[in-house]
Each structure stands twice: as structure tokens, then as C-alpha cells.
Amino acid sequence: MRLLTVLLLSTSVVAVGLLGFGRQGPDSGGAIAAESDQEEEPAVREVAPGEYEVVLRANTWGFDPGEIRVPLGSQVTFRVTADDPHGFGIAETGIAIWVDPGSETVASHRFTEPGEFFYYCTRYCGSSHYMMLGKIIVEQ
Ligand SMILES: [Cu+2]
């Protein structure tokens, strides 16, 4: 009986850990998934001084756009949609989200270091999953 309890408890811990996977850390602006009927075309636009919005689409196997340029210090909000189940992550920012077809997932980050930051799929999606890469260039 005691062994069974230990097994059940450890299984629960693993399950909670798995449920948490794919969500992002608290300092990245939160992730919100919302149903969306209309998909906007991929774009990068300045919505206010120093604030950018990226409409990003994940597909098999790539991202559109595949390259984004923003000035140093920009607050960037990523609105991510997908044609198939995919993910979106940027290691240096703590952003690691999952994206499902038919919904939009939003994550935000302020880029305070210049350089190149790669984004990638965070959810195994098939043989070319590891090819799903894009690049953000933060210009000084
Ligand atoms: Cu993938």
C-alpha cells in the first residue's frame, strides 16, 4: 500500500511537470491562447514607439517570417498561429509555448541585448522538427 502511494504521488509530480511543459516563465510577459477564426498575414510592425508586434505563423517545417529585425530595447509581442501543432521558443527569453491550429498564442519580451536570437519549434512535430528555425536580429 505504501509503495502504491509513493508510485501514485511520483506519477502525479511527473504529470504536473508535463502539463507545465510548453508554458513560459513569468518574466516573459505571459502566454495567452485564444481562438481565432481569421488568420492575419505574417508581419512585423511597430505599434507604438519601441513596441513591435510580430504576426508569426508556424508550419511544417518553418516559420513565416523566418527573420525579424527590431531595434535594441524593443518590446516585442509575438502572436503565433500554426497550420499544424507546433511550438515557439527563444532560449534567452524564457519563451517556450505550444501553438495549436485554430488558435493564437501570445508571448512578449523586451530585447535589452543586441545580437542574434534564434527561435525554434518547442514541440516535436515530425522528421524535420529540428529544421524549424528563425532569427531575430536586435540592432544597436
Ligand atoms: Cu516541431
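Student: What makes strand 5 and strand 11 a pair?
Tutor: Two strands pair if DSSP finds at least two bridges between them. Strand 5 and strand 11 (residues 133–139) have five bridges, in the parallel sense, so they meet the definition. Pro71 stands opposite Glu139 in strand 11. Strands here are DSSP runs of E with at least two residues, numbered from the N terminus, while helices are runs of H or I with at least four.

Tutor: A caution belongs here: this is a predicted model, in which local features need pLDDT of at least 70 and side-chain atom pairs count only at pLDDT 80 or more, whereas totals for chains, interfaces and linings use all residues. Residues are numbered from 1 along each chain as its sequence is written.

Student: Why are strand 5 and strand 8 called edge strands?
Tutor: The open sheet has five strands in the order 5-11-10-7-8, with mixed pairing. Strand 5 (67–71) and strand 8 each pair on one side only.

Student: How do you know that Phe88 touches Tyr119?
Tutor: Contact requires C-beta atoms, placed from the backbone, within 7 Å. Phe88 has such contacts with Tyr119 and Thr122, and others including Ala58 and Ile95, leaving aside residues up to four places away in sequence.

Student: What makes the peptide bond from Thr60 to Trp61 cis?
Tutor: Its omega is near 0°. Trp61 is in the loop between strand 3 and strand 4 (62–64). Another cis bond joins Asp64 and Pro65, with omega about 0°. Most peptide bonds are trans.

Notes:
Contact = placed C-beta atoms within 7 Å.
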